[in-house]
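Open the model in your viewer and keep the selection panel at hand. The stops below tell you what to select next.

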Amino acid sequence: MSDRFFQDWNRREFLQRMGSAAVGMTLSGCGINADRSAKGLTEEALAVTPIVNSQSLEKPNLTIGYVPVNDCAPFAIAWKKGFFRKYGLNVKLNREASWATSRDGIIFGRLDASPVVSGAVTNARIGAEGARHAPLCAAMTIHRHGNAMTMNKAMWDFGLRPWHEYNGNIDEFGKQLRAFFDSQPAEKKVWAVVLSSAIYEYFVRYISAAAGVDPFKEFRVIIVPPPQMVTNMRMGEMQAYMVAEPWNTRAIQGNLGVGFTFAQGKEVWQGHPDRVLGVMQSFIDENPKTYYSLVKAMVEACQYCSRPENRDEIALLLTERSFTGAKPKKGPIDKFTRPGIVGDYNYGGFDEKDRTVRSEDTTIFFDIPANLPQILGNHSTFLWQSQSIWLMTQSARWGHIKEVPKNAEELAKKAWRTDLYRKIVAEMGINCPVEDYKVEPGDLFIDQKRFDPSDPVGYLNSFEIRANRPQSFFMS
């Protein structure tokens, strides 16, 4: 690919060119959101006796967003099972067209709370490129894992395979990935993610850089809403994408035959936070009692989603039109939503081989599976501020900010409200880790690179492929 191509498609210009298209997609989705959002109260919810008097809350009537992917499960459960009602809340769920509208709906006051892609909260605090500058806060982690990278049939035909079949040989994968992009014209070197300046974009760039493929030079990254991923790949608009389930499973052979799962996000960083519950700082300040009720309802919903005996029910609930609407024309009604929720995950492929892998950590809602490091009091909804700092290092690594903020710890403390979370769940009888920071061992990352939050700048500088790295010049 020529240097001229990348000059023409630099990041800022690309975002500007996409602006009008994004507005169009958002507006076209507004009608869908209004018609398809979950409405009213279920019989189960009506049968719940509130333990909090709604009249004691500053703002009992809330509008909460969600995006039609599997990780809306706790919101669907809190609505259906009456956990919102239990804590004195009357919640209107609002189906969002994209992760950008989910985030911006909070910032502009259309939503009281909404799930936010991990990284977007701290980037809003920093004012990173592609993120609106605003005092966003993360109240809790909604879930960990539950996402994946899909590659198209052309990449399969070229010889690329699911990551676990490389047996950790990242150099071999890198050679194949580079060779594939070298074989493609400029317009066929595209990787899609759901939001700029957030963890999915970081993962796409991270894994390619770990394989020695410079994401600044080899391909473009574009933004596509989750439900549009499969259709756009089928049309040839991108060769790979990263999104939350069920939109990876929708693409594999046996469903649409569009692509295969290259890797789940947990194979890039095991234990990573995928979604957090976003609210504005002003919402916390003005509605402290309401905030406590909201977090309690969502934590209880995540606990419900975490129990193995509830997973089949959840997978079925998510197929409803109000949530993912992912119902196949043939076969089991939940065959798209089930793999990411229950854990019978099929990577797909085009050789008739069964690549189904059973795993308890496909999506983590509350309890930490035994294959992850065990820390006293730890659970999935707990916010590790050190992980917020990791996200800041990646924002700097990929040029969204110029450097890791000198006040990174202060930003993490303000953005990820671990302090309030501890107080809230203590009232529920839930213990938490005593620390806000932890070292992420190297064996949790695809490149085996350990993250020590006490030295984020040193960690950032240890990467050879990064934005703003020093350049060497030689005299002949």
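Where is the place of proline 246? Proline 246 sits in the loop between strand S8 (240-244) and strand S9 (259-264). Helices (H or I, at least four residues) and strands (E, at least two) are DSSP runs, numbered from the N terminus.

Two notes before moving on. This is a predicted model, in which local features need pLDDT of at least 70 and side-chain atom pairs count only at pLDDT 80 or more, while totals for chains, interfaces and linings use all residues. Residues are numbered from 1 along each chain as its sequence is written, and side-chain values use heavy atoms, with hydrogens and water left out.

**Stop 1: the cis bond.** A cis peptide bond joins glutamate 245 and proline 246, with omega about 15°.

**Stop 2: strand S9.** Now select residues 259-264. Six of the six residues of S9 are buried; buried means under 20% relative accessible area, exposed over 50%, and partly exposed in between (1.4 Å probe, protein chains only). S5 and S9 run antiparallel and are joined by five bridges.

**Stop 3: glycine 349.** Select glycine 349 and threonine 261. In sequence they are 88 residues apart; in space, C-alpha to C-alpha, they are 7.8 Å apart. Glycine 349 belongs to the loop between strand S11 (344-346) and strand S12 (356-358). Is glycine 349 buried or exposed? Glycine 349 is buried, with a relative accessible area of 2%.

**Stop 4: two positive phi angles.** Select asparagine 167. Its phi is positive, about 55°, although asparagine 167 is not a glycine. Look for asparagine 167 in the loop between helix H8 (153-158) and helix H9 (170-182). Asparagine 167 is exposed, at 70% relative accessible area.

Next, select serine 197. Phi of serine 197 is also positive, near 55°, in a residue other than glycine. The loop here lies between strand S6 (190-193) and helix H10 (199-210). Serine 197 is buried, with a relative accessible area of 1%.

**Stop 5: an open sheet.** Which order do the four strands of the open sheet have? The order is S3-S10-S4-S13, with antiparallel pairing. Two strands pair if DSSP finds at least two bridges between them. Strand S3 (114-117) and strand S13 (363-364) are the edge strands, and each pairs on one side only. Select S3 with strand S10 (residues 273-280): four bridges pair them in the antiparallel sense. Serine 114 has glycine 278 in S10 as its bridge partner.

**Stop 6: the whole chain.** Zoom out. The protein chain has 20 helices and 13 strands. Its radius of gyration is 21 Å, close to the 23 Å that the globule rule gives for 476 residues, so the chain is as compact as a globular protein of that length. That radius is taken over C-alpha atoms, and the rule is 2.2 Å times the number of residues to the power 0.38. Along its principal axes, the C-alpha trace spans about 75 × 55 × 45 Å. Colour by burial: buried residues make up 60% of the 476 residues.

Last, look at contacts (heavy atoms within 4.5 Å). Among contacts between residues at least 6 apart in sequence, 76% join residues at least 24 apart.
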